Amino acid sequence: MTSDTTTDPNHGEPYQGVERRLRKPVLGMRIRDLDENGAAQYMLQTPRSADEGLGVFVTPNIQHIALARKDDEFHRALQSAQIIVADGFPVYRFAKLRGLSLPGRVAGRAVIERMFADPAALAGHRGFFVVDSRATAEGIECWLKDFAPAFAVETLVPPFGFEKDAAYCRSLADAISTFDATLIFLCVGAPKSELFAYRYRALLPPAWALCVGQSFRLLLGTTPPPPEMMVRFNLEWLWRVMLEPKRMLRRYGPSAVGFLRSAVSDMIKSR
């Protein structure tokens, strides 16, 4: 067991107050042994310095792994994240199979719930939200205005296909930097969120960028959360299929195949 101040072998930066082991790579990533509350509190209580620059939080599931298998840049984006936790149950079980000691699955939605459980913990932070729709933006603004008035909030809905427009992405990074954000919530899905943080990290402020997909839609109730029984048995994927059968089935089929191929390749390399 390492001491309370250790150095990450990938990024060469200290993590104070977080007990952690040196992590061997699994699926090309060093998955952290933080639970949901530990990840939330660490980002709230550990500001990024100018020298450290942007810190990125990612929650890989089978879709991330399948996409990374085909896209080298996305793979590098995941690898370079400062906090990587296993969200998808297959990713978590495979990491355990490969010998990692993990406290459990760490869902992005649950981390967001922990971060926003206490308004006092948000005081002094500045949150910039890049979201999928005006309805989501307005929901966040109205909720946080009453819930956490000391938490500065800015929202933005980028146009469809924004990730392909370098000029727009630079202007978005400039808006986030001008706002002086300490927490950046990228809620536009994979791989767009992770690639934006990776490509424009030099233009973004020293903050935590959280790639958390639909977490706020679930928190606000815009997207119905899965029943507790489904969460207990790791069947959130089935709930999403029930809500959006055509889109989710098109996603999960190729993702499952890509994940299995990546897992087999990872086990062969480990030998």
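This is a predicted model: local features need pLDDT of at least 70, side-chain atom pairs count only at pLDDT 80 or more; totals for chains, interfaces and linings use all residues.

Modeller: One joins the side chains of Asp 87 and Arg 105, at 3.4 Å from N to O. Asp 87 is in the loop between β4 (83-84) and α4 (89-97), while Arg 105 is in the loop between α4 and α5 (108-115), so this pair ties together parts 18 residues apart in sequence. Asp 87 has 15% relative accessibility, so it counts as buried, the cut-off being under 20%.

Next comes the pair Arg 98 and Asp 266, whose side chains meet at 2.9 Å, N to O. Here Arg 98 comes from the loop between α4 and α5 and Asp 266 from helix α13 (residues 245-270), so the bridge ties together parts that are 168 residues apart in sequence. Arg 98 is buried at 12% relative accessibility, and Asp 266 is buried too, with a relative accessible area of 11%.

Then there's Glu 138 with Arg 134, a salt bridge at 3.7 Å, N to O. These two sit 4 residues apart in helix α7 (residues 134-147), which means about one helical turn separates them. Glu 138 counts as partly exposed at 41% relative accessibility, and Arg 134 is likewise partly exposed, at 40%. There's a further partner here: Glu 141 is linked with Arg 134 and Glu 138 in a network of salt bridges.

Technical notes
Residues are numbered from 1 along each chain as its sequence is written. Side-chain values use heavy atoms; hydrogens and water are left out. A salt bridge is a side-chain nitrogen of Lys or Arg within 4 Å of a carboxyl oxygen of Asp or Glu. Buried means under 20% relative accessible area, exposed over 50%, partly exposed in between (1.4 Å probe, protein chains only).
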